[in-house]
Amino acid sequence: MKIKSLLALALASTTALAAPAFAEGTIKIAVIEPLSGPLAANGGDILERFQFLFGRVNDAGGVLDGQKFEVIGLDNGWDVEKTAQQMQRAADEGVDYVINGIGPQHATAITNFIRKHNRRKEGEEMAFLAHTAGDNEITPKNCDYYQAVFDPTVEMKLNALILGMQEMGIEGPVFTINPDFSFGQTVDASFKELAGEAGIEIVGSEMIAPFGQVQDFTPLVARIKASGAKVVMTGNFGPDLIRLLNASVDSGLDVRFATLYGPDPSTMAAVGADKFEAAGVIAPFEYDENDTGGVPVLEELNSTYRDVAKTSWGIDRYRMMVDGLVGAIEAAGSAEPSVAMGSIGGVKLTTAGGEGFVRAEDNQMIIPYFIIGVDKAAPATVLYKGDDIGFGWRTEKIIPAETMALEPTCEIEKP
Amino acid sequence: MLRPVAIAAALIALVLLPYYAGTNTTITIATQTLVWVVLALSYNIVLGQTGLLSFCHAVFFGAGAFAASHIIVAADGGSWSGWPVWLTPVLAFGVGAATAFLLGLFLAGRTGVAFVMITLAISQLVIYLAIAFDSIFGGEGGIGIDRAYDDFLFGVASFGPQREAYWLVLTWALIAAGLIWLLRRTSFGMLAEATRENEERVRFSGQSTWHIRLIALVIAGGFAGLAGALHALNIEQVSTDQFSLKTSAFALFMCVIGGARHFLGPVLGAIFLSVLDKVLPDYTSAWLLYLGLIFIVIVLYAPGGLAGILGSLWSQYVRERGTARPRRDALIVMGFALAGLGLILIVEMATSLGAALGFNAGDAINLFGVMVDPKSVLPWGVAIVALAGSALLFRQVRQEAET
Amino acid sequence: MEILPFVLLNGTLFGMLLFMLAAGLTLIYGMMGVINFAHASFYMLGAYLGYQVSVWAGFWAGMIVVPVILGLAGVAFRRVLISRLAIEDQVGQLLVTFGAAMVITEGVQIVWGRLAVPYRIPQEMTGALFNVGGLDFPVYRFFILVVSVLLFAVILLILKRTRIGLILSAAQSKPQMVRAMGYDLDLVNDWVFAAGVAVAGLAGVMAGNLLGVYPVMAERITPLLFVIVVVGGLGSLNGALIVALALGLIDTAATTYKLSAEPLVTALFGAPERGTFLADLARFNTTSFAPILPYLLMLIVLLIRPRGLFGQRDL
């Protein structure tokens, strides 16, 4: 029965496999995103951008007295349990800052882990920087000293969207369609509340089974038509959004689409410029590369990233996060999370729409926001990994930072 | 004579693991592997012993995990204050078994393809319901727990540090494995295997195959629930992902690759898959492809799984020492090596060239220390030659075996 | 109410699409007794290849070339994977084809990446054919409808009226007899498999630009596929047609006419707070429930009548 001893050996040999990945003396950043599975492309893109951004900081001399950043990617396969395991690995390797954003459930797992870890292991604290706000569980309800969010909350985005619609003269009535899971439910509830306050009429509402389960959207299109809506508000993304837009335009439905995820290169490519334009898609977003507001670093990033990555710089909040972190470290005089996170509140940020900042009460980033619409004749069309999507965006309205800042709903307790 | 010594040595190695493991990550991986061992063993009660292919096993696993999570949340300053966290797996076993009983009323009446389809339908329904009932299952984020909410065992352990969690899981895993091993030796275990082989004959002998299958499902469900509790204790974050087809498929893979007929097959499968799952993704993004291919090869050519292969190698070594066939073995090994080389070359080069990568599309890749440029013809030629060579070698082996 | 014709038309279209997908699977089982978990993977391959060929040579080239390629792939698939297993070893078939489905999914991602590929409707067929109740019915959808109906007619004709069809039917129940008559059973099986897979591939070519082409499309549609063939009765073409149409129409109707549980819950228990069990219960409605109806149906059928509606023998 040699098998049993072989087993013990096998179990023991797994010890040799988890070799540490970081060099000494660097500020350690772990990007925990899906690097395998259906969302691997999105996760991979995010990792590349952060490596690019932190690389630029290092090339310019690093922070403080020449300290450099080191970024690794940890794959969570979009599995909440894997996220928790990768957090364990990050803790083992002495990671200082964890970055994540795809999927609010992972943010929840990360914050759970960090709270327990920081409590159980004083002196080895980790901090969490979220690049996307998906749910109310992160900032609005659960802020923490060791946590900062670099994306407006869902409410702020929807508020901006409604303001933009009003300024653009887009009136209702509105039909809302959202994916039936935590994020979609938040969007749905928030939009209805804000729309009610703004006096926008909602004539229909639907929560659909998410992630590509619904194959045929024509019944939904029929219902939208029957409701008499002129605008469809949707937080859907991926195959759901593709099918919705296709079905709507194919049926000749005369509505405008107010989306949250319209500006996604894959969706744009699959649906195509003509249909996007016919659907009158608008979206609230932090950046439009056709309108950099004259900010030199953005002009530079626009062209550099196209050269280096064959992709347009269309997303800007990662840069804001890196700037925010660097600013906090410089202000605090130390890169240790326990010190630096105390200075992240109040950091000023440069954006294309004006100045933004990180709000000290809840470590929430507040920035001016854009309402963008489809422009087939945009000078800078969206480029993705060498594929030119064929159309770009145009800024319709800019919502100033003060207007974006809704009331904070929690307050950080200093440790 | 050798057997008790081997077992003792294995146990000592397992208990002492946290000391030579090095990092907490490794201990977590080892703990996770133990959880999967229990899951695989429980799955094999249904697959290997009773001969049923189930796609809803994850339901029992998830039920146990969520039950454990709710218990711990209640114990952590709530209505169950004072509950010893280390007893949680027992209750989870009960929940898993109860769930299996309820579902078993629908499942036990069928075998074969009908059984598979019913489990498929059940799994989809459960996933849907779990996602719908946020209040119970925590939605996408799931439920986060803190296993170290108190000091237990007379203040000796809080189970906060990873090594203490490891020992807790190890204890329960050994208990579960021991019980499952005993099960095979009971008359029930033999009856279950008999229904797998020849259902009619069992019925003719007066036994109710329906009852046998139901009991097998309940026991398997119980142990799956126990595994779920161990999982919750280890990771401290449980989500509805646990109910997915992926989890059931994982259990299936572990049992088939490890070998469904041998008791230790699922154990081997769990370790193998754990290594694959943890190590391979760092080296290649196509690791699921390799896993699928290994699975297919095993189903077609080595239905006894890893346990079967090791077993036949062992018996070959012991019994046929005089008639060992070094030439044949060498040919087979070379055949596999060449096939592996060719396959890995093609897959990795295709991955580098393909649309999946961003900055690095088409870059040279590092294979076993050698830089390979997917844009040049040479490596492709090498790959094709290697594959052709391995095909020739295998054909040679088969021809020699026939003569 | 004016939207009813629109709903019926689209429900029928969707049902026919599902039928095209399921036809191959049920025929292969009926003729050869083989259960192929990777059937939807061939549908996916058809969609991806349809996209690729349309990029190089246009949509119509894809319609012709892709089914041929997939037919050949189907033969290779059967010879390499399936023929090594005993005919009765259905669990083995499920296992092997399950692994194959995984390999195909990964392979597709390696070649085409992980995001949806931009497979568009051919230029000639964009635009509306006619207007129903204020909504356009596009030319392309009508085209799919026509092709799928034609396909059904052709398959039925071949099976019932030609000699080949009779031989194929005979090969299912009396393979030795067919061999004794001098027909190469292997070749017969090759043709059946190739045809079944080719039809799935054709469905992919046509539906890909409508429903999207992305790596998880196969695993998303596989459970639905099995519902159709199981409920319709494995081996029965008519059964697959009826169930596919029924599912298409039910899914459409459930999504169009939404019935919600909220009024009932509120009437019985009062308005529920967000985040409670009652709130979850109140959120149930036919639209979000629609994707689940097929599985409920399959469960009921398997428990009451395992041979399905028109199947020849019990599963």
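This note describes two contact regions in a predicted model.

1. Basis of the values. The model is predicted, local features need pLDDT of at least 70, side-chain atom pairs count only at pLDDT 80 or more, and totals for chains, interfaces and linings use all residues. Residues are numbered from 1 along each chain as its sequence is written, and side-chain values use heavy atoms, without hydrogens and water.

2. Domains of chain B. An automatic or database domain assignment divides chain B into domain 1 (2-306) and domain 2 (325-402). Their C-alpha centres lie 36 Å apart.

3. Contact between the domains. In chain B, 6 residues of domain 1 are in contact with 5 residues of domain 2, where contact means heavy atoms within 4.5 Å. The two domains of chain B bury about 440 Å² between them, 67% of it on carbon and sulfur atoms; buried area is the accessible area (1.4 Å probe) that two parts lose on being put together, summed over both. Ser285(B), Tyr290(B) and Leu293(B) supply 63% of the area that domain 1 of chain B buries against domain 2 of chain B.

4. Chain C against chain B. Here 46 residues of chain C are in contact with 43 residues of chain B. The area buried between these chains is about 3900 Å², and carbon and sulfur atoms give 80% of that area. The interface of chain C and chain B has 0 salt bridges (a side-chain nitrogen of Lys or Arg within 4 Å of a carboxyl oxygen of Asp or Glu).

Note on methods: Chains are lettered from A and ligands numbered from 1 in the order in which they are written.
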